[in-house]
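Here is my short note on this model.

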Amino acid sequence: MEFKNLLLEISESVAVLTVNRPQSLNALNSELLNELECAFYQLELDPEVKVLVVTGAGEKAFVAGADIKEMATMTPPDAHRFALKGQRVLLALEKMKKPVIAAVNGYALGGGLELALACDFLYASESAKLGFPEVTLGIMPGFGGTQNLARLIGPKRANELIFSGKMIPAQKAEGWGVVNEVFPAQELLAKTLECARAIASQGTIGIGYAKDAIAHGLDMAKEDGFRYEAALFGVLFGTADQKEGMAAFVEKRKANFRSN
Ligand code: CAA
């Protein structure tokens, strides 16, 4: 499918999806949300793709939020539908079986930070700034930010960030455990791709199941999570990846995983 607001490049089993509306600092309007939803479904089904990287076009912004110009005239029912749509799209990203890395190359604000938080982990450039400025607009986060941020860093820090509307630098977000690593801007994509390719060379079924166990386990009692983990662990022993991975170890060679 052709996208108007997204760039998609696939090489060496890694897809790089770039939000591309630089004239609006990559703000998420309805059309862009529709395209993101199509892209996530398309990439989930594409056997060429093992890992997804999400980033923003230009040097200034990852994504500066939902499109304020589109939201400015929304009625309460419109805004409710817009939030439900954004949540649906970001949940589709969160639920992808394939690993997803956010390369946060600049402002990640409001819906932009919500997009990044829907990824499995975040790398960021030294110049990136993260925050939820919604209160400065008289609103609140609406694409899952209140839920995902509080679960990730706890309610105290989430309260401070969301109530103040302030932006924090990438280095502080790293200290809070929101960002995994910070790189100089010119190295961010290369470092992200290096990590993505390393992940893509592993057994992808095992990675998908581990992602599933971590995500679902967090919503379960711990012993239920252990049971779920053991069940998935057992299923993996019926896969070609397990046969190949363990045979390669015994034969002292590099594993050549073929499955998706
Ligand atoms: N929506 C629509 N347009 C946006 C935008 C947004 N979220 N963010 C930036 N733009 C547009 C600007 O209007 C401007 O367009 P024009 O040239 O046509 O005026 C262009 O992008 C460049 O932006 P600035 O001139 O403002 O750039 P700056 O360097 O001076 O400031 C900024 C950068 C601090 C990020 C500033 O643009 C800003 O504060 N943007 C809004 C951030 C924001 O409030 N995001 C939250 C949105 S609400 C939300 O996301 C709700 C939710 O949870 C779903």
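1. Start with one residue pair. Leucine 6 stands opposite valine 19 of β2. Keep in mind that this is a predicted model.

2. That pair belongs to a two-strand arrangement. Strand β1 covers residues 6-11 and strand β2 covers residues 14-19. The two run antiparallel, and six bridges join them.

3. Look next at the turn. The hairpin of β1 and β2 has two residues between the strands. Glutamate 12 takes a positive phi there, near 50°.

4. Now the ligand. The shell around the ligand holds 24 residues. Lys60, Ala66, Gly111, Glu114 and Glu134 come nearest. By class, the shell has 13 nonpolar, six polar and five charged residues.

5. Which residues place a backbone N or O atom by an oxygen atom of the ligand? Glycine 142 has a backbone N or O atom 3.0 Å from a ligand oxygen. For glutamine 23, the distance from a backbone N or O atom to a ligand oxygen is 3.5 Å.

6. The space that the ligand takes is the second largest pocket.

7. As for the elements involved, those giving two or more residues to the shell are α2 (68-71), β6 (107-109) and α4 (111-117). Helix α2 supplies the largest share, with three residues.

Notes. Residues are numbered from 1 along each chain as its sequence is written. This is a predicted model: local features need pLDDT of at least 70, side-chain atom pairs count only at pLDDT 80 or more; totals for chains, interfaces and linings use all residues. Side-chain values use heavy atoms; hydrogens and water are left out. A residue is near a molecule or strand if one of its heavy atoms lies within 4 Å of it. A polar contact is a pair of N or O atoms within 3.5 Å; within protein, one must be able to donate a hydrogen and the other to accept it, and residues adjacent in sequence count only if both atoms are side-chain atoms. On a 1 Å grid over the protein atoms alone, a cavity is a set of points where a 1.4 Å probe fits but cannot get out, and a pocket is an open set with protein on both sides within 12 Å along at least five of seven lines; lining residues have an atom within 4 Å of a point. A molecule sits in a cavity or pocket if more than half of its atoms lie within 2 Å of its grid points. Helices (H or I, at least four residues) and strands (E, at least two) are DSSP runs, numbered from the N terminus. Ala, Val, Leu, Ile, Met, Phe, Trp, Tyr, Cys and Pro count as nonpolar, Asp, Glu, Lys and Arg as charged, and the others, Gly among them, as polar. Two strands pair if DSSP finds at least two bridges between them.
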